[in-house]
Amino acid sequence: MDISFTNKYKNLGLNIAYYRKRSGYTQLEFAEILDIDRSHISAMEIGKNAPSLDLIFKICEELNITEKELFDFR
């Protein structure tokens, strides 16, 4: 995997974790809301897995954020 993609996946994962925690969800709670396994949330948050577009839209909806906010890497 290209190093630039790896960094982008990690940044996306950091944002998912940030907004999840800001909303007060544990990984398990958020996984149940999204109807996915907790290990998938964990893998996304550390940049090992990238979510599908459908899942990105669902994450944003559940966290009440825009897709732009989710991809606004610091």
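N15 is buried, its relative accessible area being 5%, where buried denotes under 20% relative accessible area, exposed over 50%, and partly exposed the range in between, with a 1.4 Å probe and protein chains only. This residue is found in helix 1, which covers residues 3-22; helices (H or I, at least four residues) and strands (E, at least two) are DSSP runs, numbered from the N terminus. When its neighbours within four places in sequence are left aside, N15 is in contact with E69, L70, F71, D72, F73 and R74, contact meaning heavy atoms within 4.5 Å.

The model is a predicted one, in which local features need pLDDT of at least 70 and side-chain atom pairs count only at pLDDT 80 or more, whereas totals for chains, interfaces and linings use all residues. Residues are numbered from 1 along each chain as its sequence is written, and side-chain values use heavy atoms, with hydrogens and water left out.

The protein contains five helices and zero strands, so that, by the DSSP runs defined above, the elements read α-α-α-α-α from the N terminus on. For 74 residues, a compact globule would have a radius of gyration near 11 Å, and the 11 Å found for the protein agrees with this; the radius is taken over C-alpha atoms, and the globule rule is 2.2 Å times the number of residues to the power 0.38. The C-alpha trace spans about 30 × 25 × 20 Å along its principal axes. Of the 74 residues, 34% count as buried, and residues 24 or more positions apart account for 58% of the contacts with a separation of 6 or more. The accessible surface comes to about 4,800 Å², of which 51% belongs to carbon and sulfur atoms, as computed by the Shrake-Rupley method with a 1.4 Å probe.

The protein carries 10 positive and 12 negative side chains, and the centres of the two sets lie 9 Å apart. In this count Lys and Arg are positive and Asp and Glu negative, while His and the chain ends are not counted; the place of a charge is NZ of Lys, CZ of Arg, CG of Asp or CD of Glu.

In helix 2 (residues 27-34), the residues Q27, F30, A31 and L34 are buried. They cover an arc of only 100° around the axis, which puts them on the same side of helix 2, the arc being that of the directions from the helix axis to the C-beta atoms. Just after helix 2, D35 takes a positive phi of about 60°, although D35 is not a glycine. D35 is found in the loop between helix 2 and helix 3 (38-45), and is exposed, with a relative accessible area of 65%. Most residues other than glycine have a negative phi.

Helix 4 (residues 53-63) has L55, I56, I59, C60 and L63 as buried residues. Seen down the axis of helix 4, these buried residues fall within an arc of 135°, so they line one face of the helix. The face turned away from the buried side carries the exposed residues L53, D54 and E61. E61 counts as exposed at 62% relative accessibility; E61 and A17 are 44 residues apart in sequence and 15 Å apart in space, C-alpha to C-alpha. Just after helix 4, N64 takes a positive phi of about 60°, although N64 is not a glycine. N64 has its place in the loop between helix 4 and helix 5 (67-70) and is exposed, with a relative accessible area of 70%.
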